[in-house]
Structure formats: C-alpha cells, structure tokens
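Please read the points below with the structure open beside you.

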Amino acid sequence: MKKSWFLVSALLMVLLLAACAGGSDEEGSSDAAEGSDPSSGEVVIATLSDAVAMDVHITNDVPSANIQAQIFENLVTQDENLEIQPALAESWEPVDDLTWEFQLREGINFHDGTPFNAEAVKANFDRILDEEIASPRAVQYEMVTEVEVVDEYTVRIHLEYPYAPILANLSNIGGAMMSPASIEADYEAMEDGGQPGTYINEHPSGTGFLQFESWTPGDELTLVKNEDYWDGAVSYESVVFQVVPEGATRLANLETEYAHIIDPLAPNEAARVENMEHASLTTEDSVGINYIGFNLNKEPFDDVRVRQAISMAINKEEMINGIYDGYGTIATGPLAPPVVGAANDIPGLEYDVEEAKALLAEAGYEDGFSTIIWTNDNPQRRDIAVAVQNSLADIGVDVQVEELEWGAYLAQTGQGEHDMFILGWSNQNANADNGLYSLFHSSQVGDAGNRFMLEDDEIDRYLEEARKTTDEDEQLELYRGAQERLVELAPMIYLQHQTYLSGHLNTVEGFSVSPTGIYQLKDVVIND
C-alpha cells in the first residue's frame, strides 16, 4: 500500500463532501447523494464493518456482537457502570463456592416461539462447551462442569473451581441465550455436512427487543421490533445496519440525514460532527486496547529482542496525537486503567530508537530485515500501518503494508498466517481475566484471541492461579506478575485504550456505546 493511495483517496473524499454528493461505492453501501430522510420508524446506522456471523458461539468480534446484542439476551447484564444487573435471570445466589443458582424469568419466548426456560439455558451451555463446535467463547465457561435443571425456571451452574468473574462472563454476548430449537436445527445441519452456525446464521432466534429479518452480507442487515418483548417494545419499527466502509461517506450520510447514527468516527472527523447544527458527537472511554501484534511462531519475531526493539522504535505518543487527535489513553500494558487488576504503575518499553537498533544488532539483525504488516479497512489502522512502516525504516526494517477484508483478516490471523498485524480487544467482560487469559494463555492460541501464538509457562501459571484463587489480594498480585511478564515478552505493542467516537442526529435520543464497545439501542427514540 503506497502513501500516494491515501493522498488520492483523501482528496477524492474531500471533493465528495464539498459537492455534497456521494455515489454507491464498490462495497455496495448506500448512496448519500440521494439525501433521503429516513422514516421515523426506521433507525439507519452506517457502520464500517459487517458482522461475521449471527451465531454467538462462533464469533468474538465487535461488529458481530453489536448486532447479536440486540437479538439475544443473557442471564445477567452490565449497566453503564459495568455493574451486574438482572436480565433473563431475575435473581441468583451462590449455593456454595462451586455452585450458582439462577431463578429465571417466566413467560418469555424466543422469537421462533420456543419457550425460554432452564432447559434452554442448559442447551446453550452444552453447545458452547461442545468441542465439536470449537467455540472461541468456550474459554469463558471452561470451568463449568455441569448445568443442572432444578425445575422449569431454576438452573444451577456447577464449577470445577471457585471463579469470581463468573457473573461478568455470563454477561458477555458469548453467553447469550439462543433458541434451543435453532440449536437443534443447527446440529441437524452439521449432520448433513454443514459447519457450526449453518442454520443459526440464517435463522438467529433470541429473546431480545429486536429480531432478525434479513441480511445481505457486505451491504446491510435489518432487525425489526419484537412486539412481544418481555420488558416493553421499543419505540421504533426497525434498525438497518448499513455497511459503509468509507468514513467520508458515513459523514456525508449524517450530513444529509440519510443515516441516524454513524460509527465509528475517525478522530479527525469528530470536530466536523460537533460543528453540525443537526448532529452531535458521542464519546465513551473503552476498557479495551488497540495493539500491534507479532506472530511469535515466525522469524524474526520468535526473538524477544526483536519484538522489544520494534516496540521501542514506535513513538506511541506521536502516533496517538497524530492519528487519534489525542483521543484515548496511551497504553503501557494490556489492561485499561478502569479494569480491576490493571497494574497501571508498571513502566512500559520506552521510545528509544538507539536502544532499538542495539537490540536488533544483538539479535543478529544489524542490517534489519523485511516484513509485512496486516490491517483491515479501519482508517486509523491503515494510518497506523503507514506510521509503523515509516518508523521502522529508521531502524533498517522494511515493512510492506497489506489490507485484508474483515472476515479474511480474522480468519487468517487466527490461523497464524501473519507477520505483524493491527487489532483491538474490547474486553467485553470488563475484567482482568477476559483481558489477559483470552489473549495470552497458551490454550487460546488462534481464533479464541491469542493471535500472537504466545505459549509461555509463566504466563499460563499466573493466569490459571488467578482464576482459581478466592483471595483478592493474591489474585491482584498474580495479575500484576502476568502484566510484568507481558511487558517483558512484548507479544504486542500496547498502543492505546481508545475513546469510542460516533455521531448521531439530534433527533436521536437514548443512543450510547458501552465501555465494552456495544451499541445501546433499546432506549433509542427518534423525534421527528
């Protein structure tokens, strides 16, 4: 990818906006030039990336979760302060250190008419833990030994060991309830040669306030109101998620009121939205991390000195200020400051070009080497890739930038086909276990989250013991040890704990993005 490509693209987008017009792009997104005013019954969201799948058990990406979270519900949920609140379970209590009992809400049906009950809960957990499904979400529930149906609306979850974050994990979209009828149909499709999710991806059925209507991959997905929602139907009729890859086109859609909500916003677009009389900016600090990852199974990234050298050659402050306009917090480690267990006082690898050169020479790469960095179509990640290319040239490392489509990007990094890559982790449980175990434990190598192919006995020991201890102080010390080791091993460049930026029309009330990156659409009201 050449710098000139970015300049030409940027110029074309400026001209596009100056003319207040826009054509359908080659990805099939909507034409902003029409400027049609969406009906008050339909909420239009212009977003960067399409979902990968509707099946909550086979995905762990934010674009998929943002749609799944409107269709499916969990036993418990997190509020805006990340506190656990009732959802499909109206109450719960620990029976002992290894058993939790949940009392379920009665009279709720899935969108396909199947009743929600204890058997439905059991069917979901049996499937997510089924090795044949190979769910990347299973790590969050691997301590579950049995889901016991006590009676129609009472269920007990039995654990192998005491596990304090169990409620937070149950609030994650991976633990959402799908219709047991759809699960059964999906298994039947697998018996006929289909892959996990073959049926569910076309017929997702949850208990949420919105239900699936249609999906044209790469173009748009439509959800409609669940008239029978147990907690009161929403005020609008439908939500259309339109895939609009170009940020400038999303901006034009907001300017012309073609879209009610656009997400994400590039930091340099935030001021433009703030200056719109008819639209507003939404911001939310995340509990996740943006990072540059290395493949530890490939030379020269199997040498810690090379990883440390590249980390030290990147001026993160300059990058964050230049690319993110100062939004977000510079990261020194993998956990965001608000996460309990984050060791915010651990110093990271400092920017030091001369030390970076010395480390490369020590590792036998005095003359540098050539490598490839992957990115998807996120504009900030594109810019980061170019910044990395320029920075590493100063230490003799020649970097080629390659951009992949989102689905292929996830699949190929999960398979370890990359050298370096740029990605983020939203930490949808907002706890240290999800921010560390899922990313760095050796059992999670691949799609589950550990795309660095990191296998380290010391890290594994810290994270396994932290999961099992009931002593809070001991747990914090274990998490601290893991973070110190991760700074030393440098499997990633810890870039930034980002600020989520989106724009919405002033006629839209009640929209927000959670600190875990999920759209909050239940309370949205469109005022004509």
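1. Apart from neighbours within four places in sequence, N226 is in contact with H111, T207, G208, F209, L210, Q211 and A233. This is a predicted model. N226 sits in the loop between β9 (220-225) and β10 (238-243).

2. Is N226 buried or exposed? Its relative accessibility is 6%, and buried means under 20%, so N226 counts as buried. The side chain of N226 also reaches the backbone nitrogen of D228, at 3.1 Å.

3. Next comes helix α13, which covers residues 432-440. This helix is mostly covered, with nine of its nine residues buried. They are A432, D433, N434, G435, L436, Y437, S438, L439 and F440.

4. Which elements do the buried residues of α13 pack against? Three are helices: α4 (166-170), α14 (457-468) and α15 (472-489). The strands are β17 (420-425) and β18 (492-497).

5. The N-terminal end of α13 is capped by N431. A side-chain oxygen of N431 lies 3.4 Å from the backbone nitrogen of D433.

6. α13 and α14 pack at an angle of about 140 degrees, and their axes are 10 Å apart. Angles over 145 degrees count as roughly antiparallel, so at this angle α13 is oblique to α14. The crossing of α13 and α14 is left-handed.

7. On the α13 side, the contact with α14 is made by D433, L436, Y437 and F440. On the α14 side, I459, D460, L463, E464 and R467 take part. By class, this contact has five nonpolar and four charged residues, and no polar ones.

8. The crossing of α8 and α10 is left-handed.

9. Which residues make the contact of α8 with α10? From α8 they are R305, V306, Q308, A309 and M312. From α10 they are V353, E355, A356, L359, L360 and E362. The residues of this contact divide into seven nonpolar, one polar and three charged.

Notes:
Residues are numbered from 1 along each chain as its sequence is written. This is a predicted model: local features need pLDDT of at least 70, side-chain atom pairs count only at pLDDT 80 or more; totals for chains, interfaces and linings use all residues. Side-chain values use heavy atoms; hydrogens and water are left out. Buried means under 20% relative accessible area, exposed over 50%, partly exposed in between (1.4 Å probe, protein chains only). Helices (H or I, at least four residues) and strands (E, at least two) are DSSP runs, numbered from the N terminus. Contact means heavy atoms within 4.5 Å. A polar contact is a pair of N or O atoms within 3.5 Å; within protein, one must be able to donate a hydrogen and the other to accept it, and residues adjacent in sequence count only if both atoms are side-chain atoms. A crossing is left-handed if the near helix is turned anticlockwise from the far one by less than a right angle, and right-handed if clockwise. Ala, Val, Leu, Ile, Met, Phe, Trp, Tyr, Cys and Pro count as nonpolar, Asp, Glu, Lys and Arg as charged, and the others, Gly among them, as polar. Axes are lines fitted to C-alpha atoms, for helices over the stretch in contact, and angles run from 0 to 180 degrees between N-to-C directions. Angles under 35 degrees count as roughly parallel, over 145 as roughly antiparallel, 65 to 115 as roughly perpendicular and the rest as oblique.
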